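User: Can you walk me through this model? Start with the overall picture, then the strands.

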Amino acid sequence: RLEIRYKSSGALIRVWESFSFVELVDCVITNGKIYVVDRYWNILVFDSNLRLPKLLMKERRDLGGWATSINFFDNHIYIAGFYTKGIPDFRWRVEKWVADNLTIVKEYMDPYPSQNSATDIKVNPITKQLWVTGVENEKFRVEILDLDLNLIKVIKKNDTGLASTVDFDEDGYAYIGGDGFIAKYDKNG
């Protein structure tokens, strides 16, 4: 279910519902379009009236894992989640797509099998780098990637659990929220 509501009052304007896509996980709005990703890595593109002019992968894409987050930057869509071939082999997965024609550009998967999962993906507006938050074996993990999905840096903390979300201020400082904490990092991690 997707809803459009008035910002000032929260009153409902419009609704889109589907029984085919029951596990929508995240969305991003840009240039009058709403890009939505479901758990199975399907991308749905709506206009601002919640009409669905474009759908990628109408049939379920079974990649053996879940998508968890979607973001947009410089006419590209970035999707994060995890890939698995079975317990305990869970790996971070990030995809880069061209937004205009929904063609995949590149995918990145963490090369090390363990219990890893990416939960959020955002672009630092100052460094123009992707920050992906998540977990590795139930501990805090953040990966910083360039816009071509090349790994720049990994931040781990063994005394803290899941890093579930990230956002940035106007100076590029990262604010990461997770299991019982909020952490602030400089733009270099």
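**Chain overview**

Analyst: Buried residues make up 47% of the 189 residues in the protein chain; buried means under 20% relative accessible area, with a 1.4 Å probe and protein chains only. This is a predicted model: local features need pLDDT of at least 70, side-chain atom pairs count only at pLDDT 80 or more, and totals for chains, interfaces and linings use all residues. Residues are numbered from 1 along each chain as its sequence is written, and side-chain values use heavy atoms, without hydrogens and water.

User: How many helices and strands are in the protein chain?

Analyst: Zero helices and 17 strands. Both are DSSP runs numbered from the N terminus: helices are H or I with at least four residues, strands are E with at least two.

User: Which way do S15 and S16 pair?

Analyst: Antiparallel, over five bridges. S15 covers residues 163–168 and S16 covers residues 174–178. Pairing requires that DSSP finds at least two bridges between two strands. Asp 167 has Tyr 175 in S16 as its bridge partner.

User: What about the residues between those strands?

Analyst: That hairpin has five residues between the strands, and Gly 172 takes a positive phi near 90°.

User: And how many bridges join S16 and S17?

Analyst: Five, again in the antiparallel sense. S17 spans residues 181–185. Its Phe 181 is the bridge partner of Gly 178. Here the hairpin has two residues between the strands, and Gly 180 has a positive phi near 80°.

User: Switching topic: what box do the C-alpha atoms fill?

Analyst: Roughly 45 × 40 × 30 Å, along the principal axes.

Key: Buried means under 20% relative accessible area, exposed over 50%, partly exposed in between (1.4 Å probe, protein chains only).
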